Amino acid sequence: MSVKKPEGEQRTSPVAGAYMLVRSRRRTVGLEVRPDATLVVRAPTRTPVWYVESLLREKAGWIEDKLAKARSHVSLLPRHDFLTGERFPYLGREWPFVVVAFQKTPLTFDEKTGFSLDMATFDRGEVVFEEWYRARARELLAERVHHYAPQVGVSVPQLRITGAERRWGSCSTSGTVSFAWRLIMAPMDVVDYVVVHELAHRREMNHSVRFWAVVASVLPDYDTRRRWLKEHGGMLTI
């Protein structure tokens with residue numbers, strides 16, 4: 001699956017090269033190097049370009065390092081054509097995939113044989129897979145939220161499944177917790193970390209020492225799980 005580009009203004013900097021400038025109702029300027037080696041600058045609506053350019057000069061070393069690392073991994077990103085023999089991620093494993101004829105459902109999964117896609121939906125393979133991942137994410141994450149909420153010391157919140165590409169989870173001020181459907185591709189212990197992380201925000205809406213203490217009280221090894229997501233999250237795609 002090709003990575004969806006953020007909507008914005010394509011610009012070129014003498015220091016950073018090509019980048020995407022995305023303006024929105026935010027308060028600060030943020031820099032992001034995406035897994036496909038695209039530099040994205042997110043800025044408040046009225047931020048002048050000269051300020052953005054000065055920030056790019058200031059962060060030139062960081063940008064160069066991040067872009068170099070991303071470019072070294074671009075060729076490793078999965079490229080699926082939805083052909084028999086490919087493999088698709090689910091809960092930390094790469095599962096076999098076949099295209100079959102006359103299957104009752106568009107996509108099925110079996111823990112012994114992996115995924116099978118009905119030939120009639122071949123042209124919609126990406127959509128069918130996303131629908132399957134979303135449904136499984138809602139089911140499994142609801143179960144994990146119910147499991148961990150008492151341990152974190154909060155009530156069971158409302159749950160949303162989103163199409164976010166770079167944000168694995170979030171917690172709104174109203175208490176609703178949201179998770180990206182792609183999270184279901186990660187190992188179960190990493191899924192649990194993100195669940196606990198967002199539930200902990202219902203007690204501490206920040207990343208203070210107190211917040212991390214809440215996370216650690218439930219998952220003492222949370223940092224290992226967090227590191228896995230940081231290092232491998234870019235590979236969780238179809």
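Tutor: On the H4 side, Tyr193, Val196, His197 and Ala200 meet Phe211, Trp212, Val214, Val215 and Val218 of H5, where contact means heavy atoms within 4.5 Å. Helices here are DSSP runs of H or I with at least four residues, and strands are E runs of at least two, both numbered from the N terminus. By class, the contact of H4 with H5 comprises eight nonpolar residues, one polar and no charged ones; Ala, Val, Leu, Ile, Met, Phe, Trp, Tyr, Cys and Pro count as nonpolar, Asp, Glu, Lys and Arg as charged, and the others, Gly among them, as polar.

The model is predicted: local features need pLDDT of at least 70, side-chain atom pairs count only at pLDDT 80 or more, and totals for chains, interfaces and linings use all residues. Residues are numbered from 1 along each chain as its sequence is written, and side-chain values use heavy atoms, with hydrogens and water left out.

As to geometry, the axes of H4 (residues 188-200) and H5 (residues 209-218) come within 9 Å and cross at roughly 135°. The axes are lines fitted to C-alpha atoms, for helices over the stretch in contact, with angles from 0 to 180 degrees between N-to-C directions. H4 passes H5 in a right-handed crossing, that is, the near helix is turned clockwise from the far one by less than a right angle.

Elsewhere, an open sheet of four strands runs in the order E5-E6-E8-E7 with mixed pairing.

Terms used: Pairing = 2+ DSSP bridges.
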